Amino acid sequence: MRFLNWLAAYGPSYGSGLGWTALIALWASVGAIVWGSVLLLIRLSGRRWVNLAVEGYVQLFRNTPVLLSIYLIYFGFPLIGVVWPAVICGGLALVLQNGAYISEILRGGVKAIDLVQFDAAKSLGLSGWGTFRKVVLPQVLVYALPSLGNQVILLVKDTSLLSAISVAELTMNAKLLTEQTGAAYEAFVVVAVLYLLLVVVLELAARSALRAVRWRPRYDAL
Amino acid sequence: MVRRGIARALLLVAVAAFLHLTATAALTQEKSRLDTVLQRGKLIVATFSTAPPFCYTDDKGQLVGFDIDVARLLGKALFKDPNKVEFVVVTAEGRWPAIESGRADMGIATTTIYPDRAVRVAFTRPYVDSGVSVLVKKGSGIKSLADLNQEKYAIANLNNPQQADRSKRFIPRTKTLTFDTPAAQALAVRSGRAQGAQLDTPVADWYAATSKDEFEVIPELMGYSQNNAIFLKHGDFTWWHWLDTAVGEMRSGSYYGDYSEIYQKWFGKNPPPQKFYLR
């Protein structure tokens with residue numbers, strides 16, 4: 001009963017937080033997928049030093065906590081005169097880290113394609129771009145989509161870290177409400193449920209995406 | 001079939017555990033936390049580690065501050081030994097579950113009394129009150145609240161409702177940024193994210209004193225009284241009463257001497273007189 005009363009009084013104030021979380025998650029995951037693909041294409045281009053640079057970048061961002069880059073961009077960049085809004089700073093940090101992960105996921109998808117297929121493509125007279133579009137991409141999508149969906153879910157949950165830099169998303173909402181009412185359990189249970197809902201929506205989207213790209217040959221195990 | 005059997009057994013265990021919990025909860029309500037503390041022989045206190053000069057970690061890694069010393073004074077009152085106090089370091093939103101779950105006996109963490117909060121947690125009478133000041137960068141040209149009250153400026157607030165209320169009242173045009181800790185607020189001013197930080201006057205003074213060439217405090221106050229109190233779980237009259245009495249004794253009774261010493265040590269001035277009619 002106490003919980004319901006609390007929910008009735010303060011529940012509606014979660015609306016804007018939910019909106020911000022969804023918005024940040026959307027732009028950051030689109031950005032991360034684009035950036036990850038760019039990194040992959042750079043890597044596939046095959047120049048040795050470029051390869052090394054991308055490898056170094058991926059290692060750097062995979063092996064440091066994303067909160068560090070969030071702080072660095074938000075509190076550090078103003079020192080060199082770059083004052084972007086918190087939403088941009090935090091989202092950028094998420095894009096940079098998740099882009100690194102996603103490029104690796106996609107690379108795994110490309111690696112899973114049998115080398116023979118490239119020879120076959122060449123013998124059919126397909127150009128480099130043609131090989132990528134007609135042979136590589138359709139297969140990579142099928143191989144990589146489950147892990148890609150997973151990564152986006154991780155990204156959605158990482159948006160909670162943006163509360164540390166004054167972004168009014170869901171977790172910040174919960175923090176403000178606990179500070180106001182002292183009802184820590186209620187505030188965070190509601191947030192947990194809302195994150196769960198967001199992720200369930202995403203999972204459903206990922207599943208239907210997988211169904212859309214899954215064509216001949218049939219992968220019954222997926 | 002076997003799986004269903006296991007599931008049923010698990011459900012049964014869960015129900016039994018729940019009943020057990022509620023039963024013990026009902027039993028423990030009879031006993032006051034005061035008895036538990038006395039039997040245990042030490043006091044467990046939830047506090048912060050990032051809010052100088054109230055409760056923070058010093059250069060040597062020790063938890064120190066005004067709140068810490070007040071907790072030790074309570075330890076002295078209970079056990080004749082200021083060291084019989086154990087501190088549980090919590091975050092701003094972690095202090096409420098820390099006392100509701102019983103992890104700590106009570107909390108002292110620069111916590112301001114607020115009506116919405118009092119619905120969920122009990123407060124003693126305030127053990128300290130202070131003004132609220134604004135910390136700004138030295139040489140920023142901001143000398144008053146009127147200077148700060150402009151759309152192009154931002155104020156770094158703590159994520160509590162009192163600060164949000166005061167921002168709206170005193171500097172409605174200034175943009176607000178919200179952080180978890182005073183340390184992050186100071187960082188926001190240092191990095192130029194915000195032009196001012198709203199802090200309890202002793203906290204603002206502490207930052208201005210420790211980083212003299214970087215910060216200054218504008219003389220105007222954003223509030224004259226900010227009552228900080230010990231907080232504890234509702235529903236334990238004996239325990240609340242003991243703590244409230246102890247605070248009363250600090251501010252105007254037999255612990256006034258010890259309290260004045262602590263006050264002097266951290267704020268460099270005497271506390272308010274024991275009685276308003278005394279000098």
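Reply: Let us begin with surface patches: they are made of residues with over 30% relative accessible area and no salt bridge, like charges being joined within 9 Å and nonpolar side chains (Val, Leu, Ile, Met, Phe, Trp, Tyr) within 5 Å. A salt bridge is a side-chain nitrogen of Lys or Arg within 4 Å of a carboxyl oxygen of Asp or Glu. Accessible areas come from the Shrake-Rupley method with a 1.4 Å probe, and for residues only the protein chains shown count as cover. The model is predicted: local features need pLDDT of at least 70 and side-chain atom pairs pLDDT 80 or more, whereas totals for chains, interfaces and linings use all residues. Residues are numbered from 1 along each chain as its sequence is written, chains are lettered from A and ligands numbered from 1 in the order in which they are written, and side-chain values use heavy atoms, without hydrogens and water.

Me: Which residues form the nonpolar patch on the surface?

Reply: The patch consists of Phe3(A), Leu4(A), Leu7(A), Val189(A), Val193(A) and Leu197(A), which together have about 490 Å² of accessible area. Helix 1 (2-10) and helix 9 (184-213) of chain A each supply at least two of its residues. Helices (H or I, at least four residues) and strands (E, at least two) are DSSP runs, numbered from the N terminus.

Me: Why does Val193(A) count as partly exposed?

Reply: Buried means under 20% relative accessible area, exposed over 50%, and partly exposed in between (1.4 Å probe, protein chains only). Val193(A), which lies in helix 9 of chain A, has 45% relative accessibility and therefore counts as partly exposed.

Me: Why is Lys80(B) called exposed, and why does Thr110(B) count as buried?

Reply: Lys80(B) has a relative accessible area of 69%, so it is exposed. Thr110(B) is at 17% and therefore counts as buried. Lys80(B) is found in the loop between helix 3 (66-79) and strand 5 (85-89) of chain B, and its phi is near 60°, a positive value in a residue other than glycine. Thr110(B), in the loop between strand 6 (106-107) and helix 5 (115-118) of chain B, likewise is not a glycine and has a positive phi of about 35°.

Me: What makes the link between Asp180(B) and Lys175(A) a salt bridge?

Reply: The closest N and O atoms of Asp180(B) and Lys175(A) are 2.7 Å apart, and the rule asks for a distance within 4 Å. Four salt bridges are found across the interface of chain A and chain B.

Me: How many residues does each chain bring to the contact, and what area is buried?

Reply: Chain A brings 28 residues and chain B 24, contact meaning heavy atoms within 4.5 Å. About 2,200 Å² is buried between the chains, 52% of it from carbon and sulfur atoms. Phe75(A), Glu179(A) and Tyr185(A) supply 31% of the area that chain A buries against chain B, more than any other three residues. Buried area is the accessible area (1.4 Å probe) that two parts lose on being put together, summed over both.

Me: Why do strand 2 and strand 4 of chain B stand at the edges?

Reply: Three strands of chain B form an open antiparallel sheet in the order 2-3-4. Strand 2 (50-51) and strand 4 (63-64) each have a single partner strand, so one side of each is left without a neighbour in the sheet.

Me: How do you know that strand 3 and strand 4 of chain B pair?

Reply: Two strands pair if DSSP finds at least two bridges between them. Strand 3 (residues 55-57) and strand 4 of chain B have two bridges in the antiparallel sense, and Tyr56(B) stands opposite Val64(B) in strand 4.
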